[in-house]
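Today I am looking up strands and cores.

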Amino acid sequence: MADGADTSFLDAQVLARLMAQPLLTRFPMEGTVSGHHKSPHRGSSVEFAEYRNYVPGDDIRRLDWRVLARTDRFYLKEFEAETNLRCYFVLDCSASMGFAGKSGTKLDLARRLIATLAYLIVHQGDAAGLLCVGTKTVFDIPPRRNPSHLQTIFKTLKKAAPHGETGLIPALHELAEKVRRRALVLIFSDFFCEAGALLNCFQHLRFQKHDLAVFQLLDRMELDFQFERPVRFVDLESAFSLVTEPAVIRQEYLRQLHAFLSKLRAGCHEFNAEYRQAVTDQDYEKILAGFLVERARHARS
Amino acid sequence: MSFLQPLVLWGLPLVLLPVIIHLINRLRHRSQSWAAMQFLISATQNSISQARLRQLLVLLFRVLAVLMLILFLSRPLAGGWLGWVLAPAPDVIVVLLDRSASMEARLPGTTVTRREQALKLISQAAHEFEETSHLVLLENALRAPQEVAGASSLASLSLTTATDTAADLPAMLQSALNWLIENRAGTAEIWIASDLQRSNWKPEEARWKSVVAQLSALPQTVRVRLLAVNQEPEANAAVSVQEVTRRQNGSQAALQFVLDFQRNVSASDLMPLTVNLDGASAQLELAMDGQAMRWRHKTDLGSQRAGGWGSFELPADANPRDNSAFFVFGPETPLRARVVSRDAQSGRFLELASATPGNGPRQPAERVTPAEVQKAHWEESTLLVWQESMPTGAVAEQIRNFVEEGGVAVFFPPAQPEAQRFHGLGWGEVQTAASADKAFRVLRWDEDQGPLAKTDEGLSLPLAQVVFLRRQAITGQKSVLAAFEDGAPFLVRQTLGRGEIFFCAGLPHQDWSSLGDGPVLVPMLQRLLQAGSRRLQQVSSVACGEMSATDQRRRWASVDAASPKDFRFQAGVYRSGERMVAVNRPALEDEPEVMELGATERLFGNLPFQMLLETRNRTGQLQGEIWRFFLSAMLIFLVVEAMLILPQRQPQPSRVPGRPLPSANGTGVPEAVP
C-alpha cells in the first residue's frame, strides 16, 4: 500500500482477499513493458506461438536457422508477446451521484470500488489512471505503474465531489479519441442520461478496441420507489422539482426504469461491453469479487 | 323531509372533510432529492390523467360515504323524504285505525299510549298531503268510513278515542275496499296503524286472500303502509271473568267466579285485587306464579235474593284498559230438572241426584215419560236427564230447542245399542267387565271446569273410587271430559246454541256401577242443573262491540260510572229497563301473541307495501326503515372507495444483482441482471 496515501476507501482485509485473484483483460492489450496480459503483437518471448513461412520483408534475424539447415525451407518461429495493462477509471461526478439513500451515496460506493481496483492493478504491475467527469472533465490523471501514483489517485478520489449535470457522454468520446493504444476502461456512473447517446459512446470505445466494463451504481430507493405520502422530488442536477403521489405513479415509474435498464444491458451486450449493476446497500467486496472471478474464468476459457 | 336528530345535520359541512384532508395531505409533502428524474417525469406524464380520474372518484366516494353517515345518524323519517314524498300523492288516504283495548298500552317510559302515538305520527305524515289527498278514517269499532277535514283534527275526533273493543283487520280492510269501490276513488293509499296483535289480524282466515286479491284487481293503484306500534309495554296484567255462577244453599246465596289473569312478565308475587259488589269494595291479595293463572273465588251474598253487579280491578299498570272485569248476576231462580228413565232404579237415583235445591226439604226432579216430554211445561226447567231410547221426531226437536235456549241435557245409557243419534252423538255396544276385580275405572277427568271440577274447597270428586261393572260406548264427535283408563270416554260434551249436551257412559244402577252412591252423581247433576239456569236468564255478559243488533236498539245507561258511557265502545255495566248487562273487552284482546313482521308483509301479497316500525324516542317522532338505506349506501360507497384505492397489480420487486449470468452471445461476456 502506498505510504502517505489517503486509504479511507480501502480495507486491508478486503484487499488481502482480493489480491489472490489478478485482474485480467478480456482482449489483448498494448503495453510498454512485459506483463501478465496478452499482446496483439508476436515476437520473441518465452511463450511459443507458431511457425509460419517467411515472406519478403520479414526480419531475417527471426528465421529459424536450424529448420533452414535441416530442410532448406524458410520458417519464422513466432512467440506470443505478454505486456502490461493500462487501465482508465472513469468516474461520473455529476450531482446525481450524490444521491444518498440509507447506505450512503453512489459516489461513496464508486470511490471504494475504484480505489480497491486501482490498488490491485498497480500492485500487479499495471498502470492505472483516473478521469473524473462532472459537467466537464474535472480531473484527468494519466495511467502510471508507480505505486506512489496510487496516492495521487486516492487524493483525487477524495477531492471528487458531486456537482452539476453530467458530461459523461462527451468525455467518453474524447477519451476514445485520446487513448490510441488498447486499454481497459472502467466506467462508474448511474448512467441517468439518454440511453442511445450513451451506447454510442460504448460503441466508440469498443471500436478503439478498448476492453470496456461499466458499473451502473443505483440506490435501493431508486429501484423500489416505496413512498407512502405525497413527495416533492427535487432534481439533484437542476432546480426542477415535482410534487406527486408516488403510490399513483409507482407502477409507471418502475416500468420506465426497468425499460431503461433493459435497454442499457442489451446495448452493452451488443457492443461486447461488460455490464455490472451495483446497489449501494450491497457489499462492495462481493461486487468486486464477482467482477474479478468472472474475468479470470473468461481468461482461462 | 324531517329528521329525528336534526342537530346532526349541522355536521353536513363534514362532507368536505375528505377533500380538506386530501389537500392538507398534499401540502404536508416532504421533499426528497432525486436523481432518476427522467423516469419520474415520464411516469407522471403518462399516468396523470388516469390517476387524477381515480383520485377524483376516490374523493367523491369518500364525500358520499360521509354524507350517508351523517344522514344515517340524523335518522331521516321514513314518512318524509324517500318514504312518502317520492311516491306521487294519492287521491285518497284511508286510515285504518286500530283502537282496540290493547292499543291503550303505554309506550315504555312514557305516558303516551300506542294509539295516541300512532295518531300523532299519522297526523304528521298526513299533514303533507292535506292539499292533494282526501283523508278517510276507518276505525275498528264501527268500521264506518268517515271523511276527515284535516289531518290535525284526527286526534281530537271522538272516533279516535280509546275503546274496549277488539279489532278485525281483514274486516276493516274489506270495509276500506268497499268504500274505494263505492266512491270510485282514484289512486289510494291505505295507512294501517296497529299493534299487530295476532288475534286482531287473524292471519289464518281466508278473508285475507280475498280482500287482497280484490285490492290488487282494482284499476287504480292501491298502496298499503303499515305503522306498527308494537313495542312491548312495561309490566302489565289483565283480568277477565270467565264464569259467574249463583249458588243457592238453603236461604244463603253465594257467587262463584272463575277469573283468568294474564301478564307479560313471569314472576312469583302477590297481586292486589279489588272486588266491587253492588258498590261495596273489598281488597284481596292473590299469589300469582308465572304469566297466566285461573282463579276461583266465592263471595257470599247472604240472604240477598235480588240480582246485582260488580267488578274486579287490578292496580294501575301499563294498560289501564285491561285492569277491570265486570259482571252481573241475576236474582234467585227456581231450578227444575226433568228425568226420563226406562229403568226404575236408575231413574230414582237420577231423580234424587237432580233434586231442586231450596230452603226446605229437597224436591226430587219431576219424572216424565218420553211421550209427556212434548206436553210438559219447560218454563222453569234447566236440566233434562234422559235414560231412554234416543229421542226422535218432535220429541228430539223439543229437546233441541230446550238446549239451544241454554238448557242442559244429560243422556245416560239406554242399556242397548242404538243406531239413532242425537246431535251427532249416539250409543254403541254395552261392555261388561270380566269380573269385579277387573271393573272399569275412571282415572282422569277435567278438574278445572265442567260438572266434574273440584269443589269450592279445592277437593277432587271421588270419581276414581267409583266402580264400573258395565258401560255403554259413546259414538260420534265429542269433547271428552272424563275417560276410563283404557281411553274410552266416560263423560262427553257437545255445545248446541247456548246450552250443552252431555253423554255419560255409566248408569247409577247396582248392576252397572257404584254411581248411585252419590258423591259423584249428585254434584255432577247439581252443577248441570245450575249451568242450565242460564236458560232462564237473559244474556248477562257480552263482549264490547259485539252486542246483538236487537240489543243495540235499546237504550242503555251506564251503571258503574257516574258519567255516561257508550256501550258500543266502553266496558262496564249497563242497564236497560230491568235488564243489566256486563260489557267486557273481548277475551282475545288479552292474548299477547303478536304478528311477525315477515308474516304480516306476506299477508298483503303483491300489493305495494311498506312497513314502518314505531320506536319511541325523545322527540316522539317516527323512525322508519329508511335509515337502513343510508347505512347500506354508506357501506357500498366505502367498499367502492376501498376497491379504488387498492394497490393495483404489483410490479416485480427489484432483484439484487447476484452472480452474473453467462452471456448468450457466445462471447463469454458476462451480464449482470438487475
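For the core entries I took a nonpolar core as a set of buried Ala, Val, Leu, Ile, Met, Phe, Trp, Tyr and Cys residues joined through C-beta atoms within 7 Å. Buried stands for 20 or more other C-beta atoms within 10 Å of a residue's own, with C-beta atoms placed from the backbone.

Housekeeping: this is a predicted model, where local features need pLDDT of at least 70, side-chain atom pairs count only at pLDDT 80 or more, and totals for chains, interfaces and linings use all residues. Residues are numbered from 1 along each chain as its sequence is written, and chains are lettered from A and ligands numbered from 1 in the order in which they are written.

**Cores.** I looked up the largest nonpolar core and found 86 residues, of which Phe89(A), Val90(A), Leu91(A), Ala118(A) and Leu186(A) touch the most other members. Helix H3 (residues 106-123) of chain A gives this core its largest share, 12 residues (helices are DSSP runs of H or I, at least four residues, and strands are runs of E, at least two, numbered from the N terminus). A second, separate core has 52 residues, including Phe411(B) and Leu528(B).

**Sheet.** I then traced an open sheet of 3 strands in the order S12(A)-S11(A)-S1(B), with mixed pairing (two strands pair if DSSP finds at least two bridges between them). S12 (241-244) of chain A and S1 (30-34) of chain B each have a single partner strand, so one side of each is left without a neighbour in the sheet. S11 (residues 231-235) of chain A runs parallel to S1(B), joined by 5 bridges; Arg232(A) has Ser31(B) as its bridge partner there.

Technical notes:
Buried ≥ 20, exposed ≤ 12 C-beta atoms within 10 Å, placed from the backbone.
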